[in-house]
Amino acid sequence: MNIFEFINHFPNEESCEIFLKTYRDNTGIYCKTCKCISKHYWFSGRKFFECSKCRRRSSLKSGTVMESSNLSLHTWFTAFLLMSATKKGFSCLEFQRQLGLKRYETAFNLMHKIRSVMGKRDDLYFLKGIVEYDEAYVRKATQHEVQKRLKRGKGSQNHAIVAVASESTPLEDPDSGIKSRHCGFFKMRVLQDVTKESVEQFVAETVTPKSVLFTDKNSAYYNLERLVEEHVKVKSSPDSTSGDLNWVHVAISNLKKNLLGIYHMVSEKYLQNYLNEFVYKLNRRYFGEKLFNRLIVTSIYPYVQHSE
Ligand SMILES: [Zn+2]
């Protein structure tokens, strides 16, 4: 949906309410007391659903990312539009200005709530086929005095560690015979350290067991073959953007540019949320204007309710 279509579809609060009510009717309303999707009645005057079994009331926003927010649906829907409008993303200050929000904190919380559901949505998918894996070291914000005392360079306390994995499908041009790889879905997660335990946990939770995993020869990866069909260890330097770890390194390079360009430096506490947004958009890079529609569904989809 582009900005003109958005203005036509969602000119005011009422149009957003009708959309949300219709969507929730179609997917079924989850009752937190009965812990299931049950038949609900709609009370149009005060705008709530009531469970036909236990009479528990649920608001339109209940169980969605908008739950317990005082902001209007129209503000939320416009926020979804902004969050899906650019590949790079908005800075929080720009986001606050565009939405006309009085407080910076409101904009900050709004953005992070949306980033959080982006992550939940991508958690539903596993990587399969040929998968590349490596780590990125992302400069993080620390207090200036502390920073001066910290060690410099890769792996130092100035940097957060990010596990990065990418589906990587081999292609061969039938005419020229030239081989290349096409990238599919990506995953990124903040790691506390690069130990066997941390890396194995990430691979177990993000890659299907039938995959073929490519990594470099780091000793932390030596037991990964237990988790996948085949584990191929290749020689690689972190800066190389060709060969068997091409796509993870392209993604790492783009991630660093993105974080540097918009957010300058990110504190470790919120880094996972920034990764969620970056990867959500990366995984939907061909969606174009449909990204807005996907983000609305992501934000009101019932799995948010079930996760409580
Ligand atoms: Zn109920």
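**Figure 1. Helix H10 and the residues it buries.** The buried residues of H10 are Leu-291, Phe-292, Leu-295, Ile-296, Thr-298, Ser-299 and Ile-300. Here a residue is buried if 20 or more other C-beta atoms lie within 10 Å of its own, exposed if 12 or fewer, and partly exposed in between, with C-beta atoms placed from the backbone. Helices (H or I, at least four residues) and strands (E, at least two) are DSSP runs, numbered from the N terminus. H10 spans residues 291–300 and is mostly covered, with 7 of its 10 residues buried. The cover over these buried residues includes helix H2 (13–27), H3 and helix H5 (104–123). Two residues are in contact if their C-beta atoms, placed from the backbone, lie within 7 Å. This is a predicted model, in which local features need pLDDT of at least 70 and side-chain atom pairs count only at pLDDT 80 or more, while totals for chains, interfaces and linings use all residues. Residues are numbered from 1 along each chain as its sequence is written.

**Figure 2. The whole chain.** The chain holds 11 helices and 10 strands. Of its 308 residues, 31% count as buried. Among contacts between residues at least 6 apart in sequence, 60% join residues at least 24 apart.

**Figure 3. The largest nonpolar core.** A nonpolar core is a set of buried Ala, Val, Leu, Ile, Met, Phe, Trp, Tyr and Cys residues joined through C-beta atoms within 7 Å. The largest one has 60 residues, and those that touch the most other members are Phe-80, Ile-114, Val-162, Val-164, Ala-165 and Val-248. Helix H3 (residues 73–85) gives the largest share of this core, 7 residues. At least three residues of the core come from each of domain 1 (3–123 + 290–306) and domain 2 (130–282); the domain bounds come from an automatic or database domain assignment. In soluble globular proteins, nonpolar side chains tend to be buried together. Another core lies apart from the largest one and has 5 residues, among them Tyr-30, Cys-31, Phe-49 and Cys-51.

Figure 4. Which residues of helix H7 (residues 196–206) are buried? They are Val-199, Phe-202, Val-203 and Thr-206. Seen down the axis of H7, these buried residues fall within an arc of 95°, so they line one face of the helix. The arc is that of the directions from the helix axis to the C-beta atoms. On the face of H7 turned away from the buried side are the exposed residues Glu-197 and Glu-205. Strand S6 (130–139), strand S7 (159–172), strand S8 (179–191) and strand S9 (212–215) are included in what covers the buried residues of H7.

Figure 5. Two strands pair if DSSP finds at least two bridges between them. S6 and S7 are antiparallel and pair over 9 bridges. Ala-136 has Val-162 in S7 as its bridge partner. S7 and S8 also run antiparallel, joined by 11 bridges. Pro-170 stands opposite Arg-181 in S8. The hairpin of S7 and S8 has 6 residues between the strands, and there Gly-177 takes a positive phi near 75°.

**Figure 6. The open sheet S3-S4-S5.** This open sheet has 3 strands in the order S3-S4-S5, with antiparallel pairing. Strand S3 (40–43) and strand S5 (57–59) stand at the edges with a single partner strand each, so one side of each has no neighbour in the sheet. On average, neighbouring strands of this sheet are turned by 30° against each other, direction ignored. Axes are lines fitted to C-alpha atoms, for helices over the stretch in contact, and angles run from 0 to 180 degrees between N-to-C directions. S3 pairs with strand S4 (residues 48–51) in the antiparallel sense over 4 bridges. Tyr-41 has Glu-50 in S4 as its bridge partner.

**Figure 7. Two residues with positive phi.** Arg-55 lies in the loop between S4 and S5. Its phi is near 70°, a positive value in a residue other than glycine. Arg-55 has 10 C-beta neighbours inside 10 Å and therefore counts as exposed. Ser-68, in the loop between S5 and H3, has a positive phi of about 60° although it is not a glycine. Ser-68 counts as exposed because it has 7 C-beta neighbours inside 10 Å.
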